[in-house]
Amino acid sequence: MTKEANVDRVFIFDTTLRDGEQSPGFHLDANSKLTIARQLEKLGVDVIEAGFPISSPGDFESCRRIAHEILGATVTALARAVKEDIDAVWAAIKEAETPQIHIVLSVSDVHIERKLGMTRAQVLKRGAEMVAYARSLCDRVEYSPEDAGRADLDYLVETVEIMIAAGATVINIPDTTGYCLPSEFGGIVRRVIADARGSENALFSVHCHNDLGLAVANTMAAIEAGARRVECTINGIGERAGNTSLEEIVMLLAVRQGTLGLECGVDTKEITRTSRLVAELTGNPVQPNKAVVGANAFAHASGIHQDGVLKDRLNYEIMKPEDVGLDDSRIVLTARSGRHAFHHRLGLLGIKLADGEAEAAWQQFLKIADTKREVTDDDLRKIAAGEPYGNGHATALDVPNEHNHVADTLRHMIFG
Ligand code: KIV
Ligand code: ZN
């Protein structure tokens with residue numbers, strides 16, 4: 001428990017630089033990784049997973065530089081359950097203020113038989129030996145039984161018990177394939193915490209993938225079942241369909257704090273800046289309708305919504321744009337906008353229409369709006385000045401716009 005009596009803490013583990021970076025097309029060099037790590041420190045995450053040091057000399061160096069520089073957050077890196085990997089992790093992160101070794105070894109029969117070619121007993125023995133070895137180097141060792149979401153539950157409980165007894169300080173339950181339903185995943189976490197002997201000596205964490213779009217829901221179910229650390233990434237990037245999105249889970253905790261009674265240490269005002277930095281350095285823009293950080297997350301386009309927001313933001317906004325570091329929400333003028341938004345925008349531009357001009361200007365606005373994705377301030381100035389549209393003025397067909405697929409298709413049909 002922290003601060004207020006009835007509020008307890010969820011610790012945020014960011015794996016943007018490991019799981020996020022390992023997905024195709026998201027590669028980051030050492031300088032970019034360090035830049036993002038500095039921003040994650042500002043954001044206030046509790047743990048930064050810097051990489052997978054055995055994978056390449058470049059990643060080893062990135063992890064070493066991050067561990068050397070970052071203060072205030074635990075720095076961890078990933079190892080398979082083999083000594084060479086653990087040695088590489090330790091060599092890379094031992095200079096960190098608070099280092100942690102993260103070991104992953106499968107727990108599902110699918111993985112044990114088809115990937116590892118081992119028996120359950122062999123996996124338990126290997127895992128326990130490697131946890132004990134890692135503990136001989138470092139006070140903090142996280143054990144991730146990979147593919148826990150598809151594992152036999154009794155065997156998962158046994159695994160967790162043995163790894164805690166061997167010295168694991170954090171047990172991370174991954175839904176590696178994004179397979180679980182929220183009720184199932186919550187049940188798995190609840191059962192493990194309740195039944196694994198020694199669970200009171202470990203911190204329980206979860207790591208969810210988004211293959212069926214349930215990563216955030218599964219993470220939330222796990223928190224409700226007692227997990228107090230969550231692994232997530234900025235913009236939800238990660239292997240295949242990605243990981244739990246940090247900004248979504250953090251804003252969920254913030255917006256619904258009254259119901260959940262949970263808090264975390266993230267400074268939400270740094271969310272937009274962090275999201276944009278990751279998008280820029282990975283070269284992967286965020287989809288416009290992405291929750292919290294998408295370009296449309298605080299944009300209102302339809303007349304009904306615009307009218308409601310202009311009367312009171314509470315009508316359609318459950319969080320303030322300022323809370324995630326944006327200046328304001330956006331009222332976007334489109335063919336679905338209404339008069340209230342049209343006149344509001346003219347007012348912001350300092351434009352006053354003469355008596356009797358309002359209806360003609362509105363009709364002109366609708367004509368233009370039907371030809372474009374967004375009516376700009378420049379268009380509004382022309383409308384107010386009574387300039388004709390269409391003769392010599394740009395239309396959707398004329399405006400070069402890489403996203404204007406309708407215009408592209410028409411251009412193709414007309415000109416071949
Ligand atoms: O998806 C997964 O299981 C992982 C582990 C390393 C936690 O990324
Ligand atoms: Zn993962």
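User: Which strand supplies the largest share of the lining of the largest pocket?

Analyst: This is a predicted model, in which local features need pLDDT of at least 70, side-chain atom pairs count only at pLDDT 80 or more, and totals for chains, interfaces and linings use all residues. Residues are numbered from 1 along each chain as its sequence is written, chains are lettered from A and ligands numbered from 1 in the order in which they are written, and side-chain values use heavy atoms, with hydrogens and water left out. A pocket is an open set of points on a 1 Å grid over the protein atoms alone where a 1.4 Å probe fits, with protein on both sides within 12 Å along at least five of seven lines, and lining residues have an atom within 4 Å of a point. With four residues, the largest share of this lining comes from strand 5.

User: Which residues lie closest to the centre of the largest pocket?

Analyst: The largest pocket has a volume of about 480 Å³, a volume being the space filled by probe spheres set on grid points joined across faces, edges and corners. Of the 24 residues that line this pocket, the closest to its centre are Arg18, Leu78, Val104, Lys115 and Glu146.

User: In what order do the strands of the barrel follow one another?

Analyst: Strands (E, at least two residues) and helices (H or I, at least four) are DSSP runs, numbered from the N terminus. Two strands pair if DSSP finds at least two bridges between them; strands 4 and 5, for example, pair in the parallel sense over six bridges. Eight strands close into a barrel with parallel pairing, in the order 2-3-4-5-6-7-8-9.

User: Is His209 buried or exposed?

Analyst: Buried means under 20% relative accessible area, exposed over 50%, and partly exposed in between (1.4 Å probe, protein chains only). Asp19, at 2% relative accessibility, counts as buried. Because its relative accessible area is 4%, His209 is buried.

User: How many of the ten residues of helix 9 are buried?

Analyst: The buried residues of helix 9 include Ala215, Asn218 and Ile223. Helix 9 is mostly covered, and the number of its ten residues that are buried is eight.
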